[in-house]
Amino acid sequence: MRAREPAMRAREREVAVFTIGSAAFTTMLRHAGQEEPLEAVGMLAGDCSDVATLVLPLVNLAGPGAFLADPYSQYLAEKRISAEGLRLLAIYHSHPGGGADLSAVDRQFAGLRDIVNIVIAAAHGDCPMDVRGYRIQGERLDHVALRIGS
């Protein structure tokens, strides 16, 4: 068992902090605000430095309180990521009237790809905007700290 421990700790450190470039973070938040009262959904991509620098908003086909990315807009986003020599680092979506916790459906979706999932909770009432990152590996949910900047 001891031989596996360093690898497990290294993996946990690898996802402990996720960096989003300042311009990308602003674009992501703007997209979330523009889609209200519907949920926004999109992808974040970056190069081998694992810093998200490209925001790819997707069309949400679902009604209020849910998101379902349009397959064609997702295809175009993934094609652009590949064409620019980048890789998919994260998926984001917003909760216009709720908190930044993952719902049961969000958890299922987040477990489909081994990437960071970001939830943007819009400010409402006395509650400020909240943005949180998560990673799901099997049954394990890890909170991922978000760092804004390059």
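Visitor: Is Phe67 buried or exposed?
Guide: Phe67 is buried, at 17% relative accessible area. Buried means under 20%, exposed over 50% and partly exposed in between, with a 1.4 Å probe and protein chains only. This is a predicted model, where local features need pLDDT of at least 70, side-chain atom pairs count only at pLDDT 80 or more, and totals for chains, interfaces and linings use all residues. Residues are numbered from 1 along each chain as its sequence is written, and side-chain values use heavy atoms, leaving out hydrogens and water.

Visitor: OK, how many aromatic pairs are there?
Guide: Two aromatic pairs, counting Phe, Tyr and Trp rings (six-membered ring for Trp) with centres within 6.5 Å; planes under 30 degrees apart are stacked, over 60 edge-to-face, the rest tilted.

Visitor: What about Phe67 and Phe109?
Guide: Their ring centres are 5.3 Å apart and the planes sit at 90 degrees, so that pair is edge-to-face. Phe67 is in the loop between S3 and helix H3 (71-83), and Phe109 is in helix H4 (residues 104-110), 42 residues apart. Helices (H or I, at least four residues) and strands (E, at least two) are DSSP runs numbered from the N terminus.

Visitor: Switching topic: which residues touch the most others in the largest nonpolar core?
Guide: Phe18, Ile20, Met28, Leu44, Tyr92 and Ile118, out of 17 residues. A nonpolar core is a set of buried Ala, Val, Leu, Ile, Met, Phe, Trp, Tyr and Cys residues joined through side-chain atoms within 4.5 Å.

Visitor: Which element gives the most?
Guide: H2, with four residues.
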